[in-house]
Amino acid sequence: MLVSDFTFKPLSTADLEILCDWLEKPHVLEWWNDHLTRDEIKMKYGERIGDKIVCPFIIYHHNKPIGFLQYYWASKVGDGWWPNEDDHTVGTDQFIGEIDYINKGYGTAMLKAFIEFLFCDPNVHKIMTEADPKNLRAKRCYEKAGFIDQGMVSTPDGESMMMTISR
C-alpha cells in the first residue's frame, strides 16, 4: 500500500450523510462517540466546512471514501484543550469508517500520507494526536506511522495517551 493511494478531500455538505453513517458503526462508536443525533452531527461538522482552525476531510483510498480525518491548530481550539501548544502545532483526530479497511494497515498508511500533507505547510512543526488509553490498536497504528508516545495527559474528555511527531 502506497502513501500515494490516499487523497484527502475537504469535507462538503454532500459528505455529511456518509459521516453520519460511519459515526453509527460499532467499530467507530467504540472510540468516537459524541452522543449526537444525525442532525446534531450534520450541524457540528457542517459548521466546520471551510473553517481555518478545525479542518475536516474525507479520506479516500483510490477514489473510495473510507474514513474521516480532521486537523486543528492546537493553540486556537480553546475550551481547555492544549493551552501550552504554540502556533506551529496541529492536532489530528481520525477514524476509518469502512469496516473492511480495519486491521489491514490502511490506518498507518493513511496517517503517513496525512503527515506528509501537513508537513507541506511550513508553519506546521509538530503534529499531535491522542487516544483513549484502552485503544491499543490506535496506539500501534500511530507508532507505526512515526508518532512517539508522550505519556498520559489530562483533557476535557478525561485521561488520554498523547502521541506526537515533529518535523
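Buried means under 20% relative accessible area, exposed means over 50%, and partly exposed lies in between (1.4 Å probe, protein chains only). The model is predicted: local features need pLDDT of at least 70, side-chain atom pairs count only at pLDDT 80 or more, and totals for chains, interfaces and linings use all residues. Residues are numbered from 1 along each chain as its sequence is written, and side-chain values use heavy atoms, with hydrogens and water left out.

**View 1. Asp-149 in strand 6.** Asp-149 is part of strand 6; strands (E, at least two residues) and helices (H or I, at least four) are DSSP runs, numbered from the N terminus. Asp-149 counts as partly exposed because its relative accessibility is 34%. A distance of 6.8 Å separates its C-alpha atom from that of Thr-164, 15 residues apart along the chain.

View 2. Two strands pair if DSSP finds at least two bridges between them.

**View 3. Strand 4 and its partners.** Strand 3 (residues 64–73) and strand 4 (residues 89–96) run antiparallel and are joined by seven bridges. Phe-68 has Phe-95 of strand 4 as its bridge partner, and Leu-69 stands opposite Gln-94. With strand 5, strand 4 pairs in the parallel sense over four bridges; here the bridge partner of Thr-89 is Lys-126. Eight of the eight residues of strand 4 are buried, so the strand is largely enclosed by the rest of the structure. In a regular strand the side chains alternate between the two faces of the sheet. In strand 4 both faces are covered, with Thr-89, Gly-91, Asp-93 and Phe-95 on one side and Val-90, Thr-92, Gln-94 and Ile-96 on the other.

**View 4. The nonpolar cores.** A nonpolar core is a set of buried Ala, Val, Leu, Ile, Met, Phe, Trp, Tyr and Cys residues joined through side-chain atoms within 4.5 Å. The largest has 33 residues, and those with the most contacts inside it are Phe-6, Phe-8, Tyr-71, Ile-127, Tyr-142 and Phe-147. Helix 4 gives the most to this core, with nine residues. Another core lies apart from it and has 14 residues, including Leu-16, Leu-23, Tyr-45 and Phe-95.

**View 5. The lining of the largest pocket.** On a 1 Å grid over the protein atoms alone, a pocket is an open set of points where a 1.4 Å probe fits, with protein on both sides within 12 Å along at least five of seven lines; lining residues have an atom within 4 Å of a point. Of its 47 lining residues, Trp-31, Trp-32, Asp-93, Gln-94 and Glu-130 are the closest to the centre. Helix 5 gives the most to the lining, with six residues.

**View 6. Two loop residues with positive phi.** His-35 lies in the loop between helix 2 and helix 3, and has a positive phi of about 55° although it is not a glycine. Asn-63, in the loop between strand 2 and strand 3, is not a glycine either and has a positive phi of about 70°. His-35 is exposed, with a relative accessible area of 66%.
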